[in-house]
Amino acid sequence: MKKLFILPLILLIAGCSNKESDSEVDIIDKDKTYNWRLVTSWPKNYPGLGMAPERIADLVEEMSDGQMKITVYGAGEQVPAFGVFDAVSSGSHQMGHSGGYFWKGKVPAAQFFTSVPFGLTADEINAWVYKGGGLELWREVYEPFNIYPIPAGNTGTQMFGWFNKEINSLDDIKGLKMRIPGIGGEVLKEAGGIPVTLPGGELYTALQTGVIDATEWVGPYNDLTFGFHQAAKYYYYPGWHEPGPMLELIINIDAWNSLPKHLQVIIETAAKAVNQEMLDEYLAMNNQALIELVEVHGVELRKLPDDVIEEFREISNKILEDLAKEDETIAKVYESYTDFKNNVSAYHEISEDAFIESRNK
Ligand code: CA
């Protein structure tokens with residue numbers, strides 16, 4: 001609709017100035033250079049998570065032949081780790097790189113676009129977002145905040161995390177103060193634990209000084225770099241709370257609309273490349289890091305008992321159902337996500353799941 005109104009106006013202006021101009025493209029200076037600032041929730045140059053925005057910045061500069069330069073700031077350099085959404089929403093910074101579930105207080109539906117307990121794996125969330133209607137919903141959910149989201153990285157299935165005591169039943173969760181973001185934290189709370197949200201850079205000290213009893217972070221590759229093995233003994237899996245968290249490149253909509261089309265395409269393409277590249281990096285590095293944790297540092301690897309996982313799953317499903325009742329937007333996202341999950345897992349049962357089971361026997 002907007003275009004229909006704008007076009008005659010442009011023609012009118014073009015007519016008045018005798019300029020042969022008949023499209024919106026002429027309004028934007030195609031050769032103008034752009035220097036943008038990108039804030040993140042990760043320590044500067046942090047492996048995996050923190051390198052994703054650096055890689056996007058490098059690719060954008062190369063592909064645009066220097067027309068666009070993006071300077072990446074680590075958590076706390078310009079805004080706090082959890083101030084990224086507000087900075088981009090207000091336009092104080094054009095871009096941010098983070099995880100949607102950190103904004104659950106103001107955008108509860110955002111959690112579905114990162115990860116929800118017992119939800120989609122990395123491959124599955126890519127398929128939902130790119131080909132199953134997820135991205136359109138995501139943009140609709142962020143639009144009132146003047147933010148345009150683009151998928152930009154995935155860690156793959158995470159670990160449940162670091163503990164100083166064994167978890168043999170749900171009783172062992174009671175009173176446990178654990179860093180765990182998103183809906184996973186609400187599940188822990190329902191099970192009697194005390195969830196805490198802290199940025200990654202503060203976790204080691206919090207765990208070592210006893211401010212928290214346990215923490216999840218990502219997986220062996222990242223956890224080894226933070227040295228959690230020096231502060232906790234047991235390393236638990238599986239990461240039921242974050243089966244395949246998708247990270248986000250968020251852009252202020254006014255800033256986005258000020259870009260010529262070719263720079264928008266370059267940014268979307270760079271983010272898509274990094275979305276895959278990051279997942280590949282984690283897959284390539286995780287097992288090597290796990291071997292080092294266990295064999296060199298003596299970490300005790302433990303699987304959560306099946307009945308504990310089942311209880312977490314039941315609590316999760318109930319919390320997600322209740323969340324969907326809060327408002328129409330969440331209900332719409334929940335329905336799309338859940339339908340996609342049910343369909344894709346039915347197919348995965350006879351394809352990937354069946355194959356992996358037969359291969360590993
Ligand atoms: Ca995590």
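Tyr237, Val294 and Leu301 make a nonpolar surface patch of about 210 Å², where a patch is made of residues with over 30% relative accessible area and no salt bridge, like charges being joined within 9 Å and nonpolar side chains (Val, Leu, Ile, Met, Phe, Trp, Tyr) within 5 Å; a salt bridge here is a side-chain nitrogen of Lys or Arg within 4 Å of a carboxyl oxygen of Asp or Glu, and accessible areas come from the Shrake-Rupley method with a 1.4 Å probe, only the protein chains shown counting as cover for residues. Tyr237 belongs to strand β9 and, at 31% relative accessibility, counts as partly exposed (buried is under 20% relative accessible area, exposed over 50%, partly exposed in between, with a 1.4 Å probe and protein chains only). Helices (H or I, at least four residues) and strands (E, at least two) are DSSP runs numbered from the N terminus.

This is a predicted model, in which local features need pLDDT of at least 70 and side-chain atom pairs count only at pLDDT 80 or more, while totals for chains, interfaces and linings use all residues. Residues are numbered from 1 along each chain as its sequence is written, and side-chain values use heavy atoms, with hydrogens and water left out. The mean pLDDT (the predictor's confidence in each residue, from 0 to 100) is 93 for the protein, with 92% of residues reaching 70 or more, but it stays under 50 over residues 1-22. Where pLDDT is low, the predicted coordinates should not be read in detail.

The calcium ion is coordinated at 2.2 to 2.7 Å by Gln158 (OE1), Glu216 (OE), Glu216 (OE), Trp217 (O) and Glu242 (OE). Because Trp217 lies in the loop between β8 (214-215) and α8 (220-226), and Glu242 in the loop between β9 (234-237) and β10 (246-252), the pair ties together parts that are 25 residues apart in sequence. Donors are N, O and S atoms within 2.8 Å of the metal (3.2 Å for Na, K and Ca), and sites may look incomplete because water is not among the atoms. Trp217 counts as buried at 4% relative accessibility, as does Glu242 at 1%.

The loop between β9 and β10 also holds Gly244, which is buried at 0% relative accessibility. Beyond four places in sequence, Gly244 touches residues including Thr121, Ala122 and Ile125, a contact meaning heavy atoms within 4.5 Å.

In helix α4 (residues 122-131), Ala122 and Ile125 are among the buried residues, and the buried residues of α4 pack against α5 (134-142), β4 (147-154), β10, α10 (261-296) and α12 (328-350). Just after α4, Gly133 takes a positive phi of about 90 degrees.
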